[in-house]
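The sequence and the model are shown first, and the description follows.

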Amino acid sequence: MKDLGTRHSCKEDLLLYYYGELADLQRRELEKHLAGCERCDNEWQQLRRSLKEMALPTIELDPVETKRFAARVAERAQRPRRSKLWLWGGALTACSILALSLMARPPELAPGQGTSLVADAAMVQDLDLLQNMELLEELDLLQGLEGQG
Amino acid sequence: MTPQAATVVVDHALVQNYVEASEIGDRSDKILLDQLRAGHPGAFEQLVAKQASRLINLAYRLVGNRAEAEEIAQEGFLRLHRSLDSFRGDCSLSSYLYRIVSRLAIDHLRREKLRRKLFFFRRQEDDVDPVDMAADTGASPRDNLQSKETGKRLLAALDLLSARQRAVFVLRHQEGLPLKEIAATLGLEEGTVKTHLHRAVRALRTELKDLQEDRS
């Protein structure tokens, strides 16, 4: 613990002193120090002044407002608490829908069937090219016939 | 007696008043709780009416918006109602409610900060300003204007603090709760509470420096 009688008091001690939160011994030491130290005393006066000015506004509730508020709270307290059953119901419904949609899915494909389907699909994309190849072959044939003719 | 010592005596007197008021309040709360458990009609409404102003104000200072503060206070009362059977009275009813509301407000502030970060959300400027509705009728118009200005600036400055720093500052500075009780309310170590308080005050003083220089 600091010896407040001889050292300059720190701001935290002054703050605790303002709020009456210092232990008796510390308080006496601080008072002794403040009486003899102008610098700390100035600090203390400034802190005291600024804290005194920090007054938060107060809401004045008139009796009618208070009564109305109390009645509202009492009425809310009597209301049965909203059951969370609907949450469970919702979750159950969502699960049922998911299960039904899974059951209604077409049967599983046989292993290996999937890859052949992908290859077929790739072939379909190249169909135009295949048709062109046939045309090219026919073009060669036509050119041969033309040469003979 | 030095002026400094006089200030501390005043603070101690405030703490003493706080303790006495708490004891009287605790006894009447206990009676209301017993009536509520016995099924006395209207006991809960009475209990809410008794604590409403304190809790709404606490929540308002923590979140800075009246409508949200009322929602949080309401949720605090509803949680008390739901846990009546398990509430053993280890702490006073007001401490219990302070704990619930403070924690709800901290959660709310964290969510709100995240929301603002994500959606660049800003509070609507044309909302009714509760600071305007909370005029001090005993003060002069100039003082009123100054205190309103300070209140607004302070609320804005509080937005810059972390949720915990804000809660510690409000509970100590405005609600007058001892640090030990704040630690219990927020489930923190007392040393951590002191650090939060120190950082909060430092940040607020920096933010409100111009206002304080104008006054002096």
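This is a predicted model: local features need pLDDT of at least 70, side-chain atom pairs count only at pLDDT 80 or more; totals for chains, interfaces and linings use all residues.

## A residue in the first helix of chain A

Leaving aside residues up to four places away in sequence, A:L16 touches A:E21 and A:L22. Is A:L16 buried or exposed? A:L16 counts as buried because 20 other C-beta atoms lie within 10 Å, and a residue needs 20 or more to be classed in that way. A:L16 and A:R27 are separated by 11 residues in sequence, and their C-alpha atoms are 9.3 Å apart in space.

The buried residues of α1(A) are A:D13, A:L14, A:L15, A:L16, A:Y17 and A:Y18. After α1(A) comes A:G20, which has a positive phi, near 65°.

## The two chains

Chain A contains 7 helices and 0 strands, so that its elements, taken from the N terminus on, run α-α-α-α-α-α-α. Of its 149 residues, 17% count as buried. Among the contacts in chain A with a separation of 6 or more, 58% are between residues 24 or more positions apart.

Chain B has 10 helices and 0 strands, and its pattern along the sequence is α-α-α-α-α-α-α-α-α-α. Of the 216 residues in chain B, 31% count as buried. Residues 24 or more positions apart make up 62% of the contacts in chain B with a separation of 6 or more.

## Helix α4 of chain B

How far apart are the end C-alpha atoms of helix α4 of chain B? This helix has 27 residues (93-119) and, at 1.5 Å a residue, should span 39 Å; the end C-alpha atoms are 38 Å apart, which agrees with that expectation.

Several residues of α4(B) are buried, namely B:L93, B:L97, B:Y98, B:I100, B:V101, B:S102, B:A105, B:H108 and B:L109. As a general point, an α-helix has 3.6 residues a turn, so residues three or four places apart point the same way.

## Where the chains meet

The contact between the chains takes 45 residues from chain B and 32 residues from chain A. On the chain B side, at least two residues each come from α1 (3-37), α2 (43-63), α3 (66-82), α5 (130-133), α6 (141-158), α7 (163-174), α9 (190-207) and α10 (209-215). The largest share of this side, 10 residues, is supplied by α2(B). By type, the residues of chain B that touch chain A divide into 20 nonpolar, 16 polar and 9 charged.

In soluble globular proteins, nonpolar side chains tend to be buried together. Here the largest nonpolar core has 59 residues, and those with the most contacts inside it are B:V48, B:A59, B:A73 and B:V101. The largest share of this core, 12 residues, comes from α2(B).

Which residues does B:V48 touch, not counting those up to four places away in sequence? They are A:A70, A:V73, A:A74 and B:F77. B:V101, also named among the residues with the most contacts inside the core, is one of the buried residues of α4(B).

Key. Residues are numbered from 1 along each chain as its sequence is written. Chains are lettered from A and ligands numbered from 1 in the order in which they are written. Helices (H or I, at least four residues) and strands (E, at least two) are DSSP runs, numbered from the N terminus. The expected span of a helix is 1.5 Å times one less than its number of residues. A residue is buried if 20 or more other C-beta atoms lie within 10 Å of its own, exposed if 12 or fewer, and partly exposed in between; C-beta atoms are placed from the backbone. Two residues are in contact if their C-beta atoms, placed from the backbone, lie within 7 Å. Ala, Val, Leu, Ile, Met, Phe, Trp, Tyr, Cys and Pro count as nonpolar, Asp, Glu, Lys and Arg as charged, and the others, Gly among them, as polar. A nonpolar core is a set of buried Ala, Val, Leu, Ile, Met, Phe, Trp, Tyr and Cys residues joined through C-beta atoms within 7 Å.
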